[in-house]
Amino acid sequence: LESMTTTQSCNIEIPKKLKRTMKKLAAAGEELVQIAPALLRSQATDQMMAIARIGAIDKILGYLVTTKTNVHFVRPGIAWDSVQTVPMERIDGVEYVDEFHGNTLSLKIGAQSEKIIFYDDTDGIRFYQYIKNVITNRK
């Protein structure tokens with residue numbers, strides 16, 4: 001397993017690969033909620049999907065970084081990280097894809113949705129509950 005450090009504010013372990021991106025998020029004042037190894041279906045090959053589905057934690061190819069204000073999809077690189085950000089207020093819903101049979105969630109953003117495959121189903125459950133809570137409290 002890769003080396004990790006922990007943020008003082010919320011006791012969430014931060015993989016070494018994410019330190020660069022996490023420094024930028026902290027500088028922007030974003031409050032960390034969760035970091036989970038995950039892939040976006042739209043950016044993943046079938047081989048990448050298989051690695052994620054079996055939970056091969058030693059082959060993590062991407063992370064879902066959830067803060068109080070945004071959801072960031074991070075693919076760490078050698079020189080720079082690829083980061084896609086979705087503001088919380090743009091998220092309209094979250095649901096399981098094939099509930100109880102996988103670790104894939106569908107995040108609804110307007111008329112579109114993005115499938116997220118979690119390496120660990122407990123991370124997916126925590127993310128699902130957090131997003132549902134955010135949406136419920138918004139109404």
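Now some housekeeping. What you see above is a predicted model, where local features need pLDDT of at least 70 and side-chain atom pairs count only at pLDDT 80 or more, while totals for chains, interfaces and linings use all residues. Residues are numbered from 1 along each chain as its sequence is written, and side-chain values use heavy atoms, with hydrogens and water left out.

So who does Asp81 pair up with? Its partner is Arg20: their side chains form a salt bridge at 2.7 Å, N to O. By salt bridge I mean a side-chain nitrogen of Lys or Arg within 4 Å of a carboxyl oxygen of Asp or Glu. This pair links distant parts of the chain, 61 residues apart, with Arg20 in helix H1 (residues 19–27) and Asp81 in the loop between S5 and strand S6 (82–87). Those labels are DSSP runs numbered from the N terminus: helices are H or I with at least four residues, strands are E with at least two.

Another one brings the side chains of Lys108 and Glu95 together at 3.7 Å, N to O. Lys108 is in strand S8 and Glu95 in strand S7, so this pair ties together parts 13 residues apart in sequence. Lys108 is partly exposed at 30%, and Glu95 is partly exposed too, at 38%. Then there's Arg41 with Asp46, at 3.3 Å, N to O. Here Arg41 is partly exposed, at 32%, and Asp46 is exposed, at 59%.

Back to S5 and S6 for a moment. They run antiparallel, with six bridges joining them; strands count as paired if DSSP finds at least two bridges between them. A hairpin of six residues connects S5 to S6, and His72 stands opposite Thr85 in S6.

His72 also turns up in the neighbourhood of Thr67, which it touches. Thr67 is in strand S4 (residues 63–67). Is Thr67 buried or exposed? At 1% relative accessibility, Thr67 counts as buried. Its side chain makes a polar contact of 2.5 Å with that of Glu30. A polar contact is a pair of N or O atoms within 3.5 Å; within protein, one must be able to donate a hydrogen and the other to accept it, and residues adjacent in sequence count only if both atoms are side-chain atoms. Leaving out residues up to four places away in sequence, Thr67 also touches others, including Leu32, Met88 and Tyr130, where contact means heavy atoms within 4.5 Å.

Last topic: the nonpolar cores. Such a core is a set of buried Ala, Val, Leu, Ile, Met, Phe, Trp, Tyr and Cys residues joined through side-chain atoms within 4.5 Å. In the largest, of 21 residues, Leu107, Ile116, Phe127 and Ile131 touch the most other members. Helix H3 (121–138) is among the elements that each supply at least two residues, and H3 gives the largest share, five residues. There's also a second, separate core of 18 residues, with Met22, Leu32, Ala44 and Val65 among them.

Methods:
Buried means under 20% relative accessible area, exposed over 50%, partly exposed in between (1.4 Å probe, protein chains only).
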